[in-house]
Amino acid sequence: MTSTNLAFFSNDAIYACLVIFTIAFFAHTLEVSWSLKNVAENDKTQFDFSKMQRVGRIGTAMMILGFLVLTVAVVTRGMSAHRVPWGNMYEFSITGALMLTAAYLFAFAKYKVRWLGLPVSISVLLTLGTAITVLYRPSAPLVPALKSPWLAIHVLAAIISGGVFLVANLVAGTFLIMERYELKGGRPAWAQKIPTLESLDQLSYRLIAFVFPLWTFAIIAGAIWAESAWGKYWSWDPKETWAFITWVAYAAYLHARVTVGWRGRRAAWLCIFAGSTFLFNYIWVNIWGTGLHTYSGL
Amino acid sequence: MSTNRADLPDIGVIGLLRWAWRQLTSMRTALILLMLLGVAAIPGSLFPQRSQNPQKVDSYFRTDPTLAKWMDRIHLFNVYASPWFSAIYLLLFISLIGCVLPRTFHHLRAIGKKPPLTPRNLDRMEGFRVVATENELALAVAKKWLKKNHFRIRHEGNSLSAEKGYSRETGNLMFHLSLILILVGVALGGLFGMKGEAILNVGDRFINTPTSYDNITFGKFQGQGSLVPFSLTTTNFVATYDPVTSEPSNYVLTTKISNPIGSPAKTVIIKVNKPWTSGSTKVYLQANGYSPLVTVRDKTGQITFKGPVIFLPQDSNLSSLGAIKVPDMVPQIGFIASFIPTAGSSKARGIFSTYPEVLDPRLVLSAWQGNLGLDSGNPQSVYSLDTSKMTKIGLKALTLGSTYNFGTGSITFDGWKSWVNLQIVDDPGKMYALFGAIFAILGLLISLFTRQRRIWVKVGESVEIAGLAKNGIPGLEEELTALTRALEEVREESE
């Protein structure tokens, strides 16, 4: 296949992913809403989850299929340009969606968090949809400043961290919603299968503790690269500044948890705040910001 | 305040200092300072900073001088070197040192020490349970299991106290000490470093002395004589572009470098991600552009100006803008000019560049006559013309080799050269920062993935076990269950 054909093939795969993740989204929606019909007439605490499970499995199958097709899309996009596919914001976004799916599947395999597929599939859909419509740029070679082995290392570390931060945020958001329900007198039927508040709290902490060193590494790898490309390992460029703010926010989260003993609502809000600084950096600084990190191609 | 002054205990100056020190080194203060540091970094990303974008700062001063002056007074254009930002991170680091150093000594003393004694009442501890096992064999079996799982064990009377995961604190301390090392590296770079830029036309020779630079700044404790004595001649520069997107795909600068001056020159290739290095000094290829070559003659045909003039690129297709100043003519002549590497034209935009490489160049000139203002004593930009005492006498677009006759003389567009912007940096602190960063990550990994916990086994009338996971880290429950199973198996075997 020629480069252009590969690029078109990659685009088709992205469209296929949009379909697959839409099915995954509906399957997960059905999974949580179906239980409502199965509430026993007189006993409001008994639920029949059997039908849900089958639909839920379809959802998971679609997430796995989506992950595979998205992998193909990202790989062929890279092959079409003869480089790693992290050269502009369209490519960051599709790789980011891939990492988000991967983080979900990892969390699913380890902690059986199928319910998380609902917020994850809608996040992936939104990311891919924005990418292919607004952010899309034709496949092209890299600008000289990006020609470095650090591109693969630094950007991959940052994208994986971003994916995990987002999952942690979704978990923390779920925690806050569930806590509200419980304070008001109990969860509705559809939320019965979502884990306890304590395990949600633990899960978001584990995700962050796992990925914080990687984020630290992404920043340091960026500094090493900046030293060889721009002559200064740290120049307070807006993207660097916000990466630093994100780092500080997560460092504060870890200290607040481990040393001061924050749990529950306060920790969840701090987690969401830290995750928002990452999103702000990705969206605002890439599109409207100035500075040296202007590779969005927009 | 309801409290009377006299009611306060008299702690004296030392007591007050001690109180302040305890407050500063408390975890709560450190946490507040850490969050404050994040918040304080924000304005620097919202307002232009002098160190990165001085032109944009100037435009703030032009549009609203009063506001800009006020903003400048609180250092909004220089956030990361401002007193308030420095105050936050210095306090944070003092707090960090005050917290980490005592813990380091404490931790060093704890090496090789036995775990603390088993608490009297195990039933108050986490995961307490009574195990059905052979009481006589319990301690031996538990000891074997704990040893196999790398616990440190203290055997006193009828109880075992075991602990694991000391390296959590080791990693934790390593991480925080490394942060201090990074700060030391940053400080060394700031105090003993140097940074400068020089724009060179291809073919020019650069000698590394302060006067050769377009701008140069030294660290506080760095002398001007500390520059590496090299000379560099730019022999060739090639920029390649992607024909579809016009994006640059590669820049290659070929140079001949004598280090020290006078030694045989070596050919060195410098690329964007490949600086040339000598000791802690590095030479980077930072930017590039075009310098049109022109010859200006007076009425008699005598040459009054000849040479390349550096123009600044304005867009991604390298339309470049600059000023040609000819003071040696009466009256003085100046040109505001744009260099178009590959010309295209449309009704709406006039002549513009369609490709960054030079394929069909134009030099579009507007000629001005009068006083260039070079003698006024005010510093002037070489890239723009002060037309306040000049009048416009004509406009012309020149193709390569053509001449424009403006009345009192003529200008010929002879050709073009590339120029490169070299950034020369000496940062003796960066190795410390790098080592700090590497150790910080190692420490972080060790501390976040080591679980520190204690397990106790007590044999009395029954066998009791319990544990304690520091910071509530998960996993203790599983370990206690495994130990229980090991103990129960003994009983099953004996039955």
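This is a predicted model: local features need pLDDT of at least 70, side-chain atom pairs count only at pLDDT 80 or more; totals for chains, interfaces and linings use all residues.
Me: Thanks! Is B:Leu318 buried or exposed?

Reply: Buried, because B:Leu318 has 25 C-beta neighbours inside 10 Å. The cut-offs are 20 or more other C-beta atoms within 10 Å for buried, 12 or fewer for exposed, and partly exposed in between, with C-beta atoms placed from the backbone.

Me: And what is its phi like?

Reply: B:Leu318 has a positive phi of about 60°, and it is not a glycine. Most residues other than glycine have a negative phi. B:His150 also has a positive phi of about 60° without being a glycine.

Me: Where is B:His150 found, and is it buried or exposed?

Reply: B:His150 is in the loop between helix H7 (135-148) and strand S2 (152-156) of chain B. B:His150 counts as exposed because 9 other C-beta atoms lie within 10 Å.

Me: New topic, cis peptides. Which residue is joined to B:Pro260 by a cis bond?

Reply: B:Asn259, and omega is about 0° there. B:Pro260 itself lies in the loop between strand S8 (248-258) and strand S9 (266-271) of chain B. Another cis bond runs from B:Val330 to B:Pro331, with omega near -10°. B:Pro331 is in the loop between strand S14 (320-326) and strand S15 (332-340) of chain B. As background, most peptide bonds are trans.

Me: You mentioned S8 and S9. What sheet do they belong to?

Reply: They are part of an open sheet of four strands in chain B, ordered S5-S7-S8-S9, with antiparallel pairing. Strand S5 (205-207) and S9 of chain B are at the edges with a single partner strand each, so one side of each has no neighbour in the sheet. Neighbouring strands of this sheet are turned by 30° against each other on average, direction ignored; the axes are lines fitted to C-alpha atoms (for helices over the stretch in contact), and angles run from 0 to 180 degrees between N-to-C directions.

Me: How many bridges link S7(B) and S8(B)?

Reply: Ten, in the antiparallel sense, with strand S7 covering residues 231-241. Within that pairing, B:Ala239 stands opposite B:Tyr251 in S8(B). Two strands are said to pair if DSSP finds at least two bridges between them.

Me: What joins S16(B) to S17(B)?

Reply: A hairpin, through three residues. Strand S16 (residues 343-346) and strand S17 (residues 350-353) of chain B pair in the antiparallel sense over four bridges. B:Ser345 has B:Ile351 as its bridge partner in S17(B).

Me: Which residues does B:Phe305 contact beyond its neighbours in sequence?

Reply: Leaving aside neighbours within four places in sequence, B:Phe305 is in contact with B:Val296 and B:Val326. Contact needs C-beta atoms, placed from the backbone, within 7 Å. B:Phe305 lies in strand S12 (residues 303-308) of chain B and is buried, because 20 other C-beta atoms are within 10 Å. The C-alpha atoms of B:Phe305 and B:Ile411 are separated by 9.1 Å, although the two are 106 residues apart along the chain.

Me: Zooming out, how is chain B divided?

Reply: Into domain 1 (18-98), domain 2 (122-165 + 452-494), domain 3 (190-289 + 422-438) and domain 4 (294-418); the bounds come from an automatic or database domain assignment. The C-alpha centres of domain 2 and domain 4 of chain B lie 87 Å apart. The C-alpha atoms of chain B fill a box of roughly 120 × 70 × 55 Å along the principal axes. Its secondary structure comes to ten helices and 23 strands.

Me: And what does chain A contain?

Reply: Eight helices and zero strands. Buried residues make up 51% of the 298 residues in chain A, and 30% of the 495 residues in chain B.

Technical notes: Residues are numbered from 1 along each chain as its sequence is written. Chains are lettered from A and ligands numbered from 1 in the order in which they are written. Helices (H or I, at least four residues) and strands (E, at least two) are DSSP runs, numbered from the N terminus. Two residues are in contact if their C-beta atoms, placed from the backbone, lie within 7 Å.
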